[in-house]
Structure formats: C-alpha cells, structure tokens
Amino acid sequence: MSAGGIGGRLGHATGALIVLLLGVIGGGLIALAPDIAVPSGILLAPGLVAFLFDSSSGRAIARAMLLFQAAAALRPLQEAWFRCEGLRACMDILAQPRQILTVWTMAALAWLLTQILPIGLKLLSDYRIRMRRIALEARREKLATEWGLDEAPG
Amino acid sequence: MADEPANTLIAGRFAVDASHPLPEAGGGVPAFLAADRQSVAVKRVALAVSRDAPPRIKPLLALTEPIDNLMTPLAHGMAPAPGSRGEGYYVICTSPPGPPLSETLTAWPESALLDLVLRPVARVLDGLQRSGLTHRAIRLNNVFQAAVGQPVTLGAAWAAPPAMHQPALFESPYQAMCHPTGRGDGSIAEDVYSLGVLLVVLSAGRIPLANLDETALIRWKLDLGSFTALARESSMSGFIADLARGMLADDPEHRPPPSLLLDPANARARRVAARPARRSQRPLMLGDQAVYDARTLGYALLKDEKRAVQALRAGTVTHWLRRGMGDAGLAAAVEEVVRNQLTDPELGLRTDAILLMHAISTINPRMPLCWRGVALWPDGVAALVAEATATQGPLAALAEELLVNDIVQDWTLSEHRASRAEVVAMSFEVSSALQYLQSGGVGALLRIFYTLNPLLPCRGARMATAWVVTLTDLMRFLEQTAEAAPARLVDVELSAFIAARADRRTEMQVNALLTKTGSAAFRDRELALLKDLQGRYFPHPMPGLAKWAVTRLQPAVEQWRNRPRRAAMMAQLEALAREGYLGRLLAVVDDPAGRAADRLGAEQATMEHAAIDAELAAIAVSDTPRLAEAEHLGQALAGAIGLVALIMAALRVLMP
C-alpha cells in the first residue's frame, strides 16, 4: 500500500473527525450559549463555507483556514464569554468589523499558505532532483569513460 | 681494407676484400683476396660459401694449422659480401702458390710426376687420412704449382660439399653417377682415384675422353674399367701405368693407401687381383641401352627407372642374368628381391622405388643408394637436403621421401654395408628433427636442413642478404630490422631455424607455437619464445624488437577494461621498451591478479551504470508525483502552522 493512500485515508478520517467535533461544539454552543454561537459563526464563516466546498484530501485547506481563524478568534470569544449578556450585546462585542476583518484575514492567510507552500516545496524538490541528476550523469559519464561502457559490444 | 672495422674481421684477424676476386684460386668456388692482420705480408684466400651448399664442417674444425702443399683452412666466418650486398660466409685458406695446372696443361715426365705430384699429394692425403678426413677436390683446376720444378699444392676443398665441383672424369663411376651434392665425404680411396686420374691426365698432357658427356663417360668406365677406359686414349710410361692401374681400381679397397704412394716403387709392386667381371655375349636391351655385365646393368637400371621396373617385374632381368650372364645365384637373389617387394602391402606408392633400389644394390653392391633416378651416398644427405631446399621441386620431394621413410637406413641395413651410412650423424638433434618430419610437422624439411647444415644461414623472407647462423645472429638481425618487422615475426622458416639451432626446450616451445591457430594464443607464444631467446642467447637490450613487441602487445592491453589502467600500461610498456628487455614487457601484461581485479571492476561498473540509468529514467517521470506530494505536504504544513498558532493562542488565553 502506498504512502499516498495511507495519507489520503488519514486525511479523510481527520476531516470527518473535525466535522464531527465542529458539529458537537457548534450544537453544544447553540444549545448552551446561543448569544455566543451566532457571532462565532459569523467570525468562522469563511472556514465553515470552505469546509463545505473543499475537495482537497482531508479538506486540508478548510482545516488550515479554520485553525487559523480559531487561533485569531479565541481571545475575542473568551472576552465575550465573560463580558456579554444576550445576543445583541455579544454581537456588539464580537461582530465588529475590525474583529471580523482580522479573523477573516487569518482565513485568507491560511488559504494563501496552502497555495504557496506546495509551490515552494515543488521548487525545492525540483532543485534537489536537478542536483541529483547532474551528479548521476557525471558519475555515469565517468564510468562510461573509465570502463568503456559505451563501446559497441564485442 | 686497412681500415676494416674489427667486427668485420674473421676470427679477429682476416679481412676479406670482396672487391678483389681471385677467379682461379677457388677451383670453381668464388674466391677473394684476404689480408691477415697478424702477418700483413702474407696474402690469404677467402672462399665464398654458397647459401645453398654447406661447407665441410669436419675439416674446418680439424684443420687449423697450415699444411704443406695444401690450401689449408685457417678460419671461417662472416664478412661483407661482394658489392656490399649484405653478408657472406667465407673460408679463409692459405693462398695457392701459383696458377692451377689447368692453365698450362702439358705432358709431364715420369720423374716430375712422381716427385712433384704423387709424393707431395700422397703426403697431404696421408695426413688427412690420419685425421679421418678426405679432400675430394683433386682436379686440374684445383691443383696449383708455383713454377716448373716446384711441387704441386692441392687446392681448397672446404667451402662446398665434398666433390660437388668434381668433373665426372676425376671421380670413380660410383661417385660420378651421384647427384653433385650427394657424393658425400667418402673415403681417402676416392682421393687416391682422383690422384690417379690426375697422373694419367698430366702424363698424357691432355684430357682423355673429353668428347664424352658425363653419362657416356660413366658408362664407358663401368664397361671397360676406369683404367682401361682412360689408358686407351693416354700414353704413359709403364711405371705410371702400373701405379694408375692400382689407383683407378674399381673397388676402393684395391686402391693403394696414400702412405703406400709415398714410396711409388712399393705402390707399383702392390697388385690386388680382382676377379674379372662376368660378361654376357648377348646384350640385355633396356630401351636403347645394351647391357653386357652387372655393373652397366645397375647403372642402366638407375638411368631409366620406368623401363627398369618393367624389366624387373617381367623377369627379363633375371632371365638375362641366368641365361645371358650365366649367374644363377645373382638371378635368384634378384628374384627374391622382386618377390619380397611385390608382396609387401605396406610400401604403397614406394613399391617400385624400393624394388629398384634393392635390385640395383643386389646386382652391383658397389652402387650408391639409387632412389627414383637419383644416386647418392648417405653421407651426402646433408648437402642434398640443402640443394633440395634451395631448388624445391622434385628434389625436395625426393629428399623428404628419403627421410620420412628411413630409406637410407633400409638401404644400409638390407645390404649389410659397412657404416658409410653412419654419416647421417644421428645426433639427438637430427633424430628429433627426423621424428618431427615423420610426424608431418610444419616446415619439417627446413628443420632437417638447418639441423644437418649448421653453418648455412636462415632462409627467412627478409634475410636474403644476411648470414644468420646462430640464434645470437638471429636476435641481432631481428633487432636491426625490427622497424620493418611484420606483425607475425616467427613464420615457418624462422620457426624451423629456431627449432633446429636452439636446444630441446626451445624446440618444444616452437612446436607448441606452431600448433596455435588463434592469433592471441600465437602472439602470446611467439612473444614468450622471443623473450626466452633473448634471455638465453642474446642478453642485451633490444629496444627495436621491444618496440615491435609493444605494438604486438597492444591487443592484449586492450583486453583490459579499465581505460586509465590501459593508458598507464601502454605508457609503462613504452618506457620499458626503451630499456629493451622483452621479459619486462611481458611481466607487465602477464598479471593474473590485476586482470581478475579489472574484470571484477568492470562488472561492478556495469552494474552501477545500469542502476544510474534506472534512477535517471525514474527521475524523468517523477514530476507529477512530486507535484502531488508537494501539494499534500504544503497543505499539511499550513495546517500544522495553524494548529501551532491555535495552541499558542489557547495558552495565552488560559495562562494570561
């Protein structure tokens, strides 16, 4: 079984687990604190939308966006948890444009990273392979010259 | 001539002046003036040895000091040939005192014949006989006299095979009928015969029977007896006639020995009664030849082989012997010979020749060995083989047949002859060469030729002007001509020469070389042979030959797979070639451990090469998988960064 196959399955399993966790957390939050849940949904909206449409293995792009957004939204949520009472008050604290922009920017940053990092890694791999090919060709040439391996047999 | 370099001197003292021929000094053999460095005032004669006719080794080795009234050999060796055409071989002799007797042939008085011819020559012959030698060249143009009243001097007889240049007149019929190179050393009685003829000729002052050709002269001598045949046309005193009668006796044992001739009166008194030969009143016709007795019958059988065999098989000969000659015993003996040969199935194509050989010997036991129309004495085989090698053709086939089938042995044993056949000196080398010939080896006759004629030069293709006698000469020659040497140096001629002139070990090496057909195996053996020859016969630097050997070794070097090693080896070989020792060159190439390492290295290199090819092929098609992998890894990395950021944020929230 190939490493790609194992990674793919693991990605799918992780994605499913995250969906499950998000569902549980979302459901629990709506049930226990609907005043926090609505503004949180607004903050995490790009990641959640990406989660629905992401076709990459293990929904890696959406996962990265959500993790970045979660990291950015954690402190506002913690403040809102202790300071606001009721949906309006929580909306006033959490759904401020500046706050939303910050969290959504993090989502964009995550998306950007998922696009740039593969390209960088590919370039790095190309460079490494080119170096290897040059080394191999030099060695091949040396062997052929030294032992006459390019001579016609006989 | 005074500036002659030392290496062109014979025996370190004789310088041959090839530009100064002495046409009359050699008695038919080319002769040149020679200077003696130890006695500048004394002139010597250098007799040129033909490449195809061997000089007489036994006298050359035995005679070293000048003998009165004889052109004695003093030395022999190589010197520049006439016209600067390479090298020649010369026998240096004391010079003749004057012109040959053939120059001014007059009738000599009896006293002069006895005092100036018979006694001095008999003394010389007596000396030769004591040394076990013969002269075999007493003839008019080879006997010299300084001036009237001076004793004659016998010319040289050393630079050509015995009696080779003798006219039939001066030889007994049994010698004269032989091939000129097949007369052999013979016995001193043959010299006594020639001296007898000389006395008859000088006594008469003219050459008797000069109008007869050789065959007629021999037949005449056989028919009448030598003395009668010659005396019929010569006038001589009774004393000389009595002497000559004894000296020209047909049976060599009836001739007086030289010691007896020193006292002519005694020699004259010696009479050996010979039984007169039976003669038939009715001739036996063999073709157009009428035969009246057994002696002429033997000669007639020799001269016409086809008719002779027919007559023997048809019984004509035995019938005539019985009825015509009245010799029933001889007829029965010939019948037995014919019957024995006809019933021997092993003889094959040789049946007729063997039948004739034995029949002739039976009819006249004094006849030489007669084989397919050629007569020879077995001690002349060496010179005959030399002649056969030079002329090729029928004589070569005849010589080969004689040797392959041991005809000489057969002839000698069957007739219970005295050991004149001992003469084909059956040394170990000759036996070995004969064995090789009988086994059908390549160049076997040449090998016999070289073995039997140790002073004759190698007949290699490039040696027409060189006189290569020993292996040292050969190696020197190869070194001098290495630049123009062919790819294969040791051809059939050269291999025969080396096998004949080298020792047994080298002979076996040559035999092994000749069995190699593959070029690489032949090359290896050839170089090993040359290396051994250099080591054992010419231990001096041979850079020319070594350079040739490097070229020859190139294919062997190219068998090495590692190119830098090859280049290093070639550089090493070229450096060693300048030193000139073949053994060192071969040691470089002959490295089994290095060769095994080279093979192993080549195998490993091949495997590594194949692995690299496979990896490069894999790299060529790896772009898509690597892109997928980079994408996957990049996304995972982004996720990991996000997770780390989340954990950091969580920690800040939980632990402000």
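Q: Which residues of helix H11 (residues 305–314) of chain B are buried?
A: This is a predicted model, in which local features need pLDDT of at least 70, side-chain atom pairs count only at pLDDT 80 or more, and totals for chains, interfaces and linings use all residues. Helices (H or I, at least four residues) and strands (E, at least two) are DSSP runs, numbered from the N terminus. Buried means under 20% relative accessible area, exposed over 50%, and partly exposed in between (1.4 Å probe, protein chains only). In H11 of chain B the buried residues are B:Ala308, B:Val309, B:Ala311 and B:Leu312.

Q: Why do the buried residues of H11(B) line one face of the helix?
A: The arc is that of the directions from the helix axis to the C-beta atoms. The face turned away from the buried side carries the exposed residues B:Lys306 and B:Ala314. The buried residues line one face because, seen down the axis of H11(B), they fall within an arc of 165°.

Q: Which strand is included in what covers the buried residues of H11(B)?
A: The cover includes helices H10 (294–303), H12 (316–325), H13 (328–342) and H14 (351–363) of chain B. It also includes a strand of chain B, E8 (279–286).

Q: Is B:Arg552 buried or exposed?
A: B:Arg552 is found in helix H24 (residues 543–558) of chain B. Contact means heavy atoms within 4.5 Å. Not counting residues up to four places away in sequence, B:Arg552 touches B:Ala487, B:Arg488, B:Phe522, B:Arg523, B:Glu526 and B:Leu527. At 14% relative accessibility, B:Arg552 counts as buried.

Q: What area is buried between chain A and chain B?
A: Buried area is the accessible area (1.4 Å probe) that two parts lose on being put together, summed over both. The contact takes 35 residues from chain A and 37 residues from chain B. Carbon and sulfur atoms give 69% of the buried area, which is about 3400 Å².

Q: How far apart are the closest N and O atoms in the salt bridge of B:Arg626 with A:Asp126?
A: A salt bridge is a side-chain nitrogen of Lys or Arg within 4 Å of a carboxyl oxygen of Asp or Glu. The count between chain A and chain B is 5 salt bridges. For B:Arg626 and A:Asp126, the closest N and O atoms are 2.5 Å apart.

Q: Which element gives the most to the side of chain A that touches chain B?
A: The elements that give two or more residues to this side are helix H4 (60–83) and helix H6 (97–147) of chain A. With 20 residues, the element that gives the most is H6(A).

Notes
Residues are numbered from 1 along each chain as its sequence is written. Chains are lettered from A and ligands numbered from 1 in the order in which they are written. Side-chain values use heavy atoms; hydrogens and water are left out.
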